[in-house]
Amino acid sequence: MKEYHKSFIRGAVAGSIAGSLAALLFAPKSGRDLRQDIKDQARLVSDRGQELAGKITDASIEYTDKIKDTASAVIHEIGQFRKKK
């Protein structure tokens, strides 16, 4: 996976965590409710991060396959062109 995608995922997860914590900390709740909300939000962010990583992995595999197919076709065409000379 490219470094750009890894950085994006890390940034998205960090932003989600920071936003969730800020919202939870400024909401008037008891300590027990706040801890439960933080736990729930952390689980949600983790699930979303894993889902996003899976989608990026699937897309990367798909694009890699397309690139390989295109490269094979180009190599075949070059071979055919050389044979005609």
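A residue is called buried when its relative accessible area is under 20%, exposed when that area is over 50%, and partly exposed in between, with a 1.4 Å probe and protein chains only. The structure described here is a predicted model, in which local features need pLDDT of at least 70 and side-chain atom pairs count only at pLDDT 80 or more, whereas totals for chains, interfaces and linings use all residues. Residues are numbered from 1 along each chain as its sequence is written, and side-chain values use heavy atoms, with hydrogens and water left out.

Of the 85 residues of the protein chain, 9% count as buried. The accessible surface, computed by the Shrake-Rupley method with a 1.4 Å probe and, for residues, with only the protein chains shown counting as cover, amounts to about 7100 Å² for the protein chain, and carbon and sulfur atoms account for 60% of this area.

When helices (H or I, at least four residues) and strands (E, at least two) are taken as DSSP runs numbered from the N terminus, the protein chain contains 2 helices and 0 strands. Its radius of gyration is 23 Å, which is well over the 12 Å that the globule rule gives for 85 residues, so the protein chain is more spread out than a compact globule; here the radius is taken over C-alpha atoms, and the globule rule is 2.2 Å times the number of residues to the power 0.38. Along the principal axes, the C-alpha atoms of the protein chain fill a box of roughly 80 × 15 × 10 Å.

Helix α2 covers residues 31-84. With its 54 residues, α2 reaches 79 Å from its first C-alpha to its last, which is close to the 80 Å expected at 1.5 Å a residue, the expected span being 1.5 Å times one less than the number of residues in the helix. The buried residues of α2 are L34, D37, V45, G49 and I56. R35, by contrast, lies in helix α2 but is exposed, with a relative accessible area of 56%. The C-alpha atoms of R35 and K66, which are 31 residues apart along the chain, are separated by 47 Å.

Salt bridges were then examined, a salt bridge being a side-chain nitrogen of Lys or Arg within 4 Å of a carboxyl oxygen of Asp or Glu. By this rule the count comes to 3 salt bridges. In one of them R43 is paired with D40, with the closest N and O atoms 3.7 Å apart; these two residues are 3 residues apart in helix α2 and are therefore separated by about one helical turn. R43 is partly exposed at 47% relative accessibility, and D40 is likewise partly exposed at 33%.

A further salt bridge joins the side chains of K55 and E51, at 3.3 Å from N to O, and both residues lie in helix α2, 4 residues apart, or about one turn of the helix. K55 is exposed, with a relative accessible area of 52%, while E51 counts as partly exposed at 46%. Although E51 and S16 are 35 residues apart in sequence, their C-alpha atoms are 14 Å apart in space.

K66 forms a salt bridge with E62, and the closest N and O atoms of this pair are 3.4 Å apart. K66 and E62 also lie in helix α2, with a spacing of 4 residues, about one turn of the helix. Both count as partly exposed, K66 at 44% relative accessibility and E62 with a relative accessible area of 43%.

For the charges as a whole, Lys and Arg count as positive and Asp and Glu as negative, with His and the chain ends not counted, and the place of a charge is taken as NZ of Lys, CZ of Arg, CG of Asp or CD of Glu. On this basis the protein chain has 16 positive and 11 negative charges, and their mean positions are 6 Å apart.
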